[in-house]
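Hi,

Here is the structure I promised to pass on. My notes follow below it.

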Amino acid sequence: MATTFAFSGDQYIGELVSRKLQDAGFVLAAGLASADYIFTYCLSQTQLEDAYLGTGGAVESAKEGCCMVDLSPSTCTLAKEIYAVARVNELQAIDAPLVLVDPCAHDAFGDAENVMMLVGGEDGAVADAMPLLSVLAHDVRHLGLAGSGQLAKAVCTAQQASALIALVESHAIAKAQGESAGAALTAATAAGFLAPQALSIYQAMEEGHFHGTYSCRVVLAELTAVINGAEEIELVLTQVEACQHLVELFVVVGGGDLPAPALALAYAADDEGASYGLDWTRADGIYGGEGDHGHDHDHHHHDHDEYDYDEYGYDYGYDDDEDGYAGGFGGFSSN
């Protein structure tokens with residue numbers, strides 16, 4: 001009998017997973033209740049919890065013996081909780097977050113050669129699921145029990161995010177002086193300071209090639225998952241939080257659907273940003289600006305309780321402290 005699967009969560013990833021698995025000979029089930037495997041991918045902790053633990057969610061709906069595979073950026077704690085609940089209900093659960101090799105790839109998630117999967121779960125469950133997992137990612141690494149995949153994902157996210165922001169700022173430094181950082185980055189890559197993918201990211205920034213599918217909205221979700229996990233163990237990650245705040249602001253002003261290299265527009269002139277749909281005045285009410293925004297990005301504070309993030313289409317479950325945080329980033333613009 002053919003192996004069946006179902007999907008719950010993000011529509012884009014769901015369509016991609018369904019297409020690839022069906023092309024490989026697996027059968028799309030009529031619903032969660034009849035699937036041998038349930039795949040999930042969500043961009044917020046709340047959505048993910050509902051997908052598994054809510055009314056009509058995967059745990060409640062799945063048939064006995066079903067294996068649930070989460071591809072989302074999440075936390076070790078939630079991965080372990082889902083696993084524990086699954087086992088009590090005679091189900092299996094695997095955390096298998098996706099890591100991209102080249103975030104600039106046009107079909108970043110759809111090209112299995114560009115996807116690595118970091119897996120946590122029982123040996124037998126992972127071995128049984130491997131034929132499906134290997135369809136979605138060319139490099140599937142079983143790292144340990146439940147939560148191991150999310151821990152590894154957090155480490156990768158921290159590294160990739162800091163590298164991305166460093167490239168954004170390198171581009172800004174060179175552009176402000178009418179130069180290119182390409183030669184310096186090529187030398188750094190040759191010396192082993194940078195991964196080869198850094199050059200393709202920088203090239204996308206220089207050429208304004210902002211057409212990939214790894215969006216800033218996904219970057220924000222991944223960073224927020226890392227911060228959520230750090231908060232659970234009372235750890236403050238200053239660099240990751242700084243990256244998260246920059247990406248958050250970029251999403252607020254309209255850059256959520258732009259690919260990650262488009263973060264370079266944070267330092268661009270207003271008219272250049274506007275050509276990509278950015279509107280910096282959208283940040284004024286959040287970060288305390290008054291009147292003309294002017295791209296001065298003075299350091300104001302805000303309180304999350306005073307602003308409804310859903311207006312801009314995202315709320316990733318990250319709660320700052322009571323005093324908020326510095327919302328402006330000095331010198332974003334070359335103006």
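One caution before the details: this is a predicted model.

I began with a residue pair. Val119 stands opposite His142, which lies in strand E8. E7 and E8 (residues 139-144) run parallel, and five bridges join them.

E7 has another partner. Strand E6 (residues 98-100) pairs with E7 in the antiparallel sense, over three bridges. Within that pairing, Leu100 has Val115 of E7 as its bridge partner. So much for the neighbours.

Now the burial of E7 itself. The strand spans residues 115-120, and six of its six residues are buried. Which residues lie on each side of E7? Val115, Met117 and Val119 are on one side, and Met116, Leu118 and Gly120 are on the other. Both faces are covered.

Last, the cysteines. How many disulfides does the model have? The count comes to zero, with a pair of cysteine sulfur atoms counted as a disulfide if within 2.5 Å. Two cysteines are worth a look in the viewer. Cys104 has a relative accessibility of 17%, so this residue counts as buried, the cut-off being under 20%. Cys216 is also buried, and its relative accessible area is 0%.

Best wishes

Terms used:
Residues numbered from 1 in each chain as written. Predicted model: local features only at pLDDT ≥ 70, side-chain atom pairs only at ≥ 80, totals over all residues. Heavy atoms only, no water. Buried < 20%, exposed > 50% of the residue type's maximum accessible area, 1.4 Å probe, protein only. Helix = DSSP H or I, 4+ residues; strand = E, 2+ residues; numbered from the N terminus. Pairing = 2+ DSSP bridges.
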